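Colleague: I would like to learn how to read a structure like this one. Please take me through the features in turn.

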Amino acid sequence: MALTVRGCDYEYEGELSDFAKSFHYGTRGTGGMTHNDPINRPRDVFGGTVTLHGGGDRASYVLLPVIPEVRD
């Protein structure tokens, strides 16, 4: 498992399958969408600086969902 914190959308520069090439943003964002739409990502709200703080008097952690096993 890995955690990557970035200030921009992911961009894949490798080879794409024919299926992946059918998506408009097949190499960016979260596949089908990017995070630069001016309507749902207005710059005055999302254009600032975000800072992550770790350590100090509080332990750092990543909260992940528990996905129960599905049995047939």
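Colleague: In which segment does V5 lie?

Modeller: Keep in mind that this is a predicted model. V5 is in the segment before α1, which covers 18-21.

Colleague: How many helices and strands does the protein chain have?

Modeller: There are two helices and zero strands. The other helix is α2 (43-46), and L52 lies in the segment after α2.

Colleague: Is V5 buried or exposed?

Modeller: The relative accessible area decides that. A residue counts as exposed when this value is over 50%. V5 has 56% relative accessibility, so V5 is exposed. L52 has a relative accessible area of 63% and is therefore exposed as well.

Colleague: Which residues form the nonpolar patch on the surface?

Modeller: V5 and L52 both belong to the patch, together with M1, L3, V50, V62 and L64. The accessible area of these residues together is about 870 Å². For the protein chain, the accessible surface is about 7,400 Å², and carbon and sulfur atoms account for 54% of that surface.

Colleague: What share of the residues is buried?

Modeller: Of the 72 residues in the protein chain, 6% are buried.

Colleague: Which residue forms a salt bridge with R71?

Modeller: The partner is E69, and the closest N and O atoms of the pair are 3.6 Å apart. R71 and E69 are both exposed. The count of salt bridges is one.

Colleague: What sits over the ring of F46?

Modeller: The charged end of R41 does, at 4.7 Å from the ring centre. As for aromatic pairs, a search of the whole structure finds zero.

Conventions
Residues are numbered from 1 along each chain as its sequence is written. This is a predicted model: local features need pLDDT of at least 70, side-chain atom pairs count only at pLDDT 80 or more; totals for chains, interfaces and linings use all residues. Side-chain values use heavy atoms; hydrogens and water are left out. Rings of Phe, Tyr and Trp (its six-membered ring) pair if their centres lie within 6.5 Å; planes under 30 degrees apart count as stacked, over 60 as edge-to-face and the rest as tilted. A charge sits over a ring if NZ of Lys or CZ of Arg is within 6 Å of the ring centre and within 35 degrees of the ring normal. Patches are made of residues with over 30% relative accessible area and no salt bridge: like charges are joined within 9 Å, nonpolar side chains (Val, Leu, Ile, Met, Phe, Trp, Tyr) within 5 Å. Accessible areas come from the Shrake-Rupley method with a 1.4 Å probe; for residues, only the protein chains shown count as cover. A salt bridge is a side-chain nitrogen of Lys or Arg within 4 Å of a carboxyl oxygen of Asp or Glu. Helices (H or I, at least four residues) and strands (E, at least two) are DSSP runs, numbered from the N terminus. Buried means under 20% relative accessible area, exposed over 50%, partly exposed in between (1.4 Å probe, protein chains only).
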